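Visitor: Could you walk me through this protein model, one question at a time?

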Amino acid sequence: MGVTRKGVDKFVVLREKEAAIHLLPGLFSAGTQAEWSNQNRTLIFSTHPLNNGCALAVAGKKPREHLSNECRVFEQDEKVYACRMESVPDERLPFIYDSHAVFVSLQKLMRAADVDLQEVGTERMSVGISSLLQMSALYREAMLRQVRVLQDAPKQSEFISSEIDMFQSMHAAWHLLEIIYLTTNMPGLSTSIVPHFMGWLNFNFPAPLAEEGQRILDGSPSADVLAANAALWPYLKKLALRGHVTTMANMLERIAPAKALSTMASRWAREIARIARDMPLGSDEETAGSFNARWRLWNAELQNTATAIRSLLLPDNETTRPADTALESLHSIVDVMRGDDDAISALGETWQDIMGATLLYSEPTAQADRLPTLTTEVTDSFQTSDFSVLDKALVALLNHDLPEFLVYCNQIEPWLAAHVTDIMDHINILGICRKVFAVDPREHYILALGEIYMSHEDLWRVGLEYLGMTNSKAGTLVMGEYAMRIPIESDRKAEQILRICDKYKLGRAKDRIHRQLGRQKWQRGRLGAAIGHFAQVSDHRSVGQVCDQLWNEYLESGNLTYGPIIDGVLATGLKHDRLQFLTRYRDFHVCYNLGDYVEAGRILLSILTNEIAPPYAVPDLLVDTIPLLEGDALVFSSNDTFELIRRAEDLIRSPEEPSLSPAANTTAAIIDKSELSLFNVACARNLARSFVAM
């Protein structure tokens, strides 16, 4: 089932048209797609909003009632397949955390470099190339560390082997990119890519293995036994092909005294060992002209040696033994070292072998711009259709086809494509890709990687960071959508998510998260915390509802217990009319319990006259004035009493707002029928006392 997504760049769709998602078990047998499709069947699917799962089902292209009775109905058409693409393995988590730390550091480094550029006015490439090389090395170190961890796993499995292969492929592709675009561009260094390419080749594709050479030497205590070892000469040829000329020279000198060798073979073994040790090596201090002169002299000596050995191998020459294997092998080694294309092709098992030997012995001063031509010449002799994804990625990189290189990097592992595009952007070589892709490749691949990580419960923070660092509007929008949907299991996690929202200015997500947290705290009875979250987003309605619940709990229990909750909320500096009402009412109770009835009355009157109390609480407040009106001390003046009467009349004339709890409704009913008359009598008596006191 080929898959394309809306918004994916045209180039990726074109190059990845053979990519597929496979269901196990499949919906139909391999090779029957056409037959299956002709039977009025197609696939429909729906993706999960939070993870990388989807529901897949078979559906008809036409409604069933529009089909003839002859159309077959299949049992599997009634099934819905719950599918889940392969998630991020837990074994990768250490690597993901390490590489993410490098990624974040790199972004900070380049932002600082941009500030410096604005102040100094220099170019980024001259300022940051060494720093980029250091960061690239940190990425490679993380890959190699992951390989070592996997290799040291107590239980090896097919999965572990595939993971090792993947990380080694990632390292090979990254290392070559580093060599071509960073290492050879370092100021003051030789721009020849050959020594760096050979170092890359022998590190990422080690051959011949050092262990193989050690086994040959360990099993051959003497020169005669060593010369008779069937694995010796193939190993020496491989050493020559890969440029390990010093090791090769040591082994040639060791077998030279062997009696099994002919006199001429022994002589030329020593001579070739000497020539190999004299192989010119370039340096940054030496000029290209001086090195080329030394190389021509060395190559001429090899030509003479090859001619001399060839003459000994001619059929009419009687000075050599028939079928002198040692001499023939020495001739092959010399042909490789003098850069003979046929000899190199005959010994090279992979295109990388041939490419390395060609560069080393034919073009030792080649620069990076020479690579495309040489790569084409080398790979023309291979069936490129048999190349692995890594081979295709490396060939594209050597051909300087960066868009194609990115496509294959994504097929190796989305992590590789995301971080390659990022460092390419910092090197200022991503421009050609932006002309080819329909979307910005850096944004596209980093966004895709962030979405992959969001499917893992432990990588949500890393995923959000990647989404945020796309530096794009799309990345910010997607980041906000994910942030709003992350399950929040603890206050610490909530704080982390909110800090990320503040960092990337995700106002909508922050608002929704605070509302969500407020509802959670409210449901769990943590009313103070609920008020705090609602207040953060100015949700005055929800703040009022929580305060109403506190008031209703007081009415039901008769105990004023919300004091600590209110104090904790007020400590945050929050201001709300319902909070002000609860605070002032708490102050009224404190003064009343202390016997300061005058101050208690003043507070209660201010609550009523300033109208900070909700309408449904006014009856209860009026009832609270009755003991003060009937008390021995004159608490309310005549004007105060008239104000209380006015509030009671307003309450009678205008219908109450609907109360939010049964408790409030019950209390209001009692006031209406039984306690209002008590209030009126108390007001009349207080008026009489106040007039007498005047």
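**A tour of the helices**

Guide: Let us start with a pair: helix 12 passes helix 13 in a left-handed crossing, that is, the near helix is turned anticlockwise from the far one by less than a right angle. Please keep in mind that this is a predicted model, where local features need pLDDT of at least 70, side-chain atom pairs count only at pLDDT 80 or more, and totals for chains, interfaces and linings use all residues. Residues are numbered from 1 along each chain as its sequence is written, and side-chain values use heavy atoms, with hydrogens and water left out.

Visitor: How many nonpolar residues does the contact of helix 12 with helix 13 have?
Guide: Contact means heavy atoms within 4.5 Å, and the residues making it include Trp 298 and Leu 302 of helix 12 and Leu 327 and Val 334 of helix 13. Ala, Val, Leu, Ile, Met, Phe, Trp, Tyr, Cys and Pro count as nonpolar, Asp, Glu, Lys and Arg as charged, and the others, Gly among them, as polar. Besides 3 polar and 3 charged residues, this contact has 9 nonpolar ones.

Visitor: What is the angle between helix 22 and helix 24?
Guide: Helix 22 spans residues 460-468, and its axis is 11 Å from that of helix 24. Their contact involves Trp 460, Arg 461, Leu 464 and Glu 465 of helix 22, with Lys 493 and Ile 497 among the partners in helix 24. By class, it has 4 nonpolar, 1 polar and 4 charged residues. The pair is roughly parallel, with an angle of about 5 degrees.

Visitor: Which helices do the buried residues of helix 16 pack against?
Guide: Buried means under 20% relative accessible area, exposed over 50%, and partly exposed in between (1.4 Å probe, protein chains only). In helix 16 (residues 371-379), the buried ones are Leu 371, Pro 372, Leu 374, Thr 375, Val 378 and Thr 379. They cover an arc of only 165 degrees around the axis, so they sit on the same side of helix 16; the arc is that of the directions from the helix axis to the C-beta atoms. They pack against helix 5, helix 15 and helix 17.

Visitor: Is Lys 505 buried or exposed?
Guide: Lys 505 lies in the loop between helix 24 and helix 25. Although not a glycine, Lys 505 has a positive phi of about 60 degrees. With a relative accessible area of 72%, Lys 505 is exposed.

Technical notes:
Helix = DSSP H or I, 4+ residues; strand = E, 2+ residues; numbered from the N terminus. Axes fitted to C-alpha atoms, helices over the stretch in contact; angles between N-to-C directions. Parallel < 35°, antiparallel > 145°, perpendicular 65-115°, else oblique.
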